[in-house]
Amino acid sequence: MSGSFVHLKVHSEYSIVDGLIRTDELVERAAALGMGAVGLTDRVNLFASVKFFEACQRAGVKPIFGADMRLTDDDGEESRLTVLAASVHGYRNLISLVSAAHLDGSPRGTVDRATVERYGEGLILLSGGCEGDVGRAARRGDSARARALAKAWAQRFVDRYYLEVSRTGRAGEEAWLRHAVELAAELDLPVVATNDVCFLAADDFEAHETRVCIQHGRTLNDPRRERRYSAEQYLKSADTMAARFRDLPEAIENTLEIARRCTVALDIGKYFLPKYPVAAGETLELLLDREARAGLAKRMAAVTSTDAAGADCYLPRLEEELGIINKMGFAAYFLVVAEVVQWARGQGIPVGPGRGSGAGSLVAYALGITDVDPISYDLLFERLLNPERVSMPDIDVDFCMDRRDEVIAHVADHYGHEAVCQIATFGTMAAKAVVRDVARVQGKPYGLADKLSKLIPFEVGMTLARAVKESAELEAFIAGDDEVGEIMDMAYRLEGLVRNVGRHAGGVVMAPSKLTDFVPLYVDEASHGVMTQLDKDDVEKVGLVKFDFLGLKTLTII
């Protein structure tokens with residue numbers, strides 16, 4: 001492991017409330033500092049796990065997967081506990097643990113000790129420092145409880161429990177450090193240094209605090225707001241951290257030891273198709289072949305002899321498509337979509353005729369997925385599937401907007417609620433909104449912020465830089481007012497950061513077994529519906545199939 005220190009606790013923008021670090025920038029900065037590994041431990045989530053892994057792969061940095069958990073005890077007191085995945089099995093348990101926090105936690109987003117122990121195999125635990133259960137007991141002066149808690153964790157997680165210490169200038173850290181060292185000597189436990197990183201550089205602290213205020217609805221100069229963070233929570237070099245813990249070198253050395261123990265590589269590029277029921281002795285490929293041929297025969301029987309003049313080309317095209325579909329292993333995909341469409345039509349739910357690349361498939365037409373004859377319109381199947389460019393098929397199916405939820409409920413009932421859910425999407429701090437947010441947090445006049453926001457064109461994908469470039473009036477407004485300049489300086493730093501978690505408009509994911517075998521799960525605060533913690537691109541990268549079941553108002557009106 002290169003370098004002499006590893007940051008084990010870094011919070012990216014996906015911590016949402018207090019994370020300012022973009023994942024790519026984190027890994028690039030860690031590599032530039034000569035660190036051979038870095039740990040990402042966002043707050044009770046694994047939203048960035050795939051993006052983090054890919055960034056580490058590109059930069060040659062070892063990824064350490066983890067999460068900062070909210071832990072509740074029998075009295076309802078809440079504390080922090082950091083969990084790191086030491087192995088692939090540990091990563092699967094980390095997925096289950098983080099998912100349980102959102103699915104079963106009371107309050108939501110928390111876990112109790114029993115749940116941590118249930119999914120504890122393959123995990124390394126950091127005590128949470130001052131904010132951990134041991135640290136909180138010690139700060140209250142309850143040394144006996146602190147000792148009992150630390151001993152219990154150490155007995156359950158033998159050689160996998162570390163007393164965490166930090167020096168970021170926050171209240172109570174030094175008192176806890178002394179207590180932790182005493183506990184470590186008494187119970188023969190290791191200590192480890194962390195920096196609880198929330199931003200990359202020292203001069204990012206104001207931007208970080210601005211983000212925290214935006215999420216909490218506070219202003220920077222509000223005397224009542226809680227100041228939980230310090231300017232020291234940036235990504236420090238190994239030399240800086242070593243100097244800070246010169247009196248406790250083992251705490252630095254243990255970061256390397258943990259990094260050596262944590263080895264997880266995500267399996268990117270494999271596909272895991274949902275299970276489609278077939279009779280004994282039959283295969284998915286044979287079933288698809290039979291259903292497609294029967295469906296094409298019905299389609300051809302329904303056309304006139306004039307329309308069927310070129311019918312000789314249909315069967316070769318069907319056989320060619322079936323060959324590609326079966327060779328690429330996507331028979332189950334077509335059968336599932338066909339079943340869903342047929343069920344919807346049987347329930348009187350309007351279904352669209354087909355659009356996009358799916359309309360180029362004769363197999364889809366034969367199965368009744370689409371009502372567009374691709375041969376009549378000279379549509380290309382290769383837009384949907386191409387054996388020279390292996391990728392998931394992506395057939396968009398439109399349903400009546402008012403009854404689309406019935407379709408999704410049917411899919412969950414038919415294929416298993418543990419195997420089906422919707423997909424997350426992430427809202428970001430967009431150009432027009434971020435200037436209003438920054439102005440409010442900075443205490444600027446509403447009228448100033450309103451004028452500034454209105455000068456930014458209302459257009460999808462609009463950025464601040466583009467708006468300034470395209471609008472001479474906006475550029476002059478910024479140049480002529482110092483307060484506006486202050487707003488823009490900060491808005492540039494926050495623009496594009498993740499702001500909230502939402503639900504994808506039409507994306508539904510299906511797994512061959514329970515979803516937590518593959519992806520972490522989250523609960524939508526608005527609808528309380530279950531969804532993946534990964535977005536649509538990352539869901540596909542880990543091999544799960546995404547189905548787009550879209551609600552279309554046009555069908556509802558018709």
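Me: Where does V44 sit?
Reply: V44 is in the loop between β1 (37–43) and α2 (49–59). Keep in mind that this is a predicted model.

Me: Is V44 buried or exposed?
Reply: V44 is buried, because its relative accessible area is 5% and buried means under 20%.

Me: And what is phi of V44 near?
Reply: Phi of V44 is near 50°, which is a positive value in a residue other than glycine.

Me: I16 has a positive phi too. What value is it near?
Reply: Phi of I16 is near 65°, and I16 is likewise a residue other than glycine. I16 lies in the segment before α1 (23–32). With a relative accessible area of 13%, I16 is buried.

Me: New topic, peptide bonds. Which residues does the cis one join?
Reply: The cis peptide bond joins S106 and P107, with omega at about 0°. P107 is in the loop between α3 (88–103) and β4 (110–112).

Me: Now helix α19. Which residues in it are buried?
Reply: In α19, which covers residues 472–479, the buried ones are L474, F477 and I478. Looking down the axis of α19, these buried residues fall within an arc of 95°, so they line one face of the helix.

Me: What about the other side of α19?
Reply: A472, E473 and A479 are exposed there.

Me: What covers the buried residues of α19?
Reply: The cover includes α17, α18 (464–470) and α20 (482–494).

Me: You mentioned α17. Which helix is D450 in, then?
Reply: D450 lies in α17, the helix of residues 446–454. D450 counts as buried, because its relative accessibility is 15%.

Me: How far apart are D450 and A439?
Reply: In sequence, D450 and A439 are eleven residues apart. In space, they are 9.3 Å apart, C-alpha to C-alpha.

Me: Is C130 buried or exposed? And C400?
Reply: C130 counts as buried at 10% relative accessibility. C400 counts as buried at 6%.

Terms used. Residues are numbered from 1 along each chain as its sequence is written. This is a predicted model: local features need pLDDT of at least 70, side-chain atom pairs count only at pLDDT 80 or more; totals for chains, interfaces and linings use all residues. Side-chain values use heavy atoms; hydrogens and water are left out. Helices (H or I, at least four residues) and strands (E, at least two) are DSSP runs, numbered from the N terminus. Buried means under 20% relative accessible area, exposed over 50%, partly exposed in between (1.4 Å probe, protein chains only). The arc is that of the directions from the helix axis to the C-beta atoms. Contact means heavy atoms within 4.5 Å.
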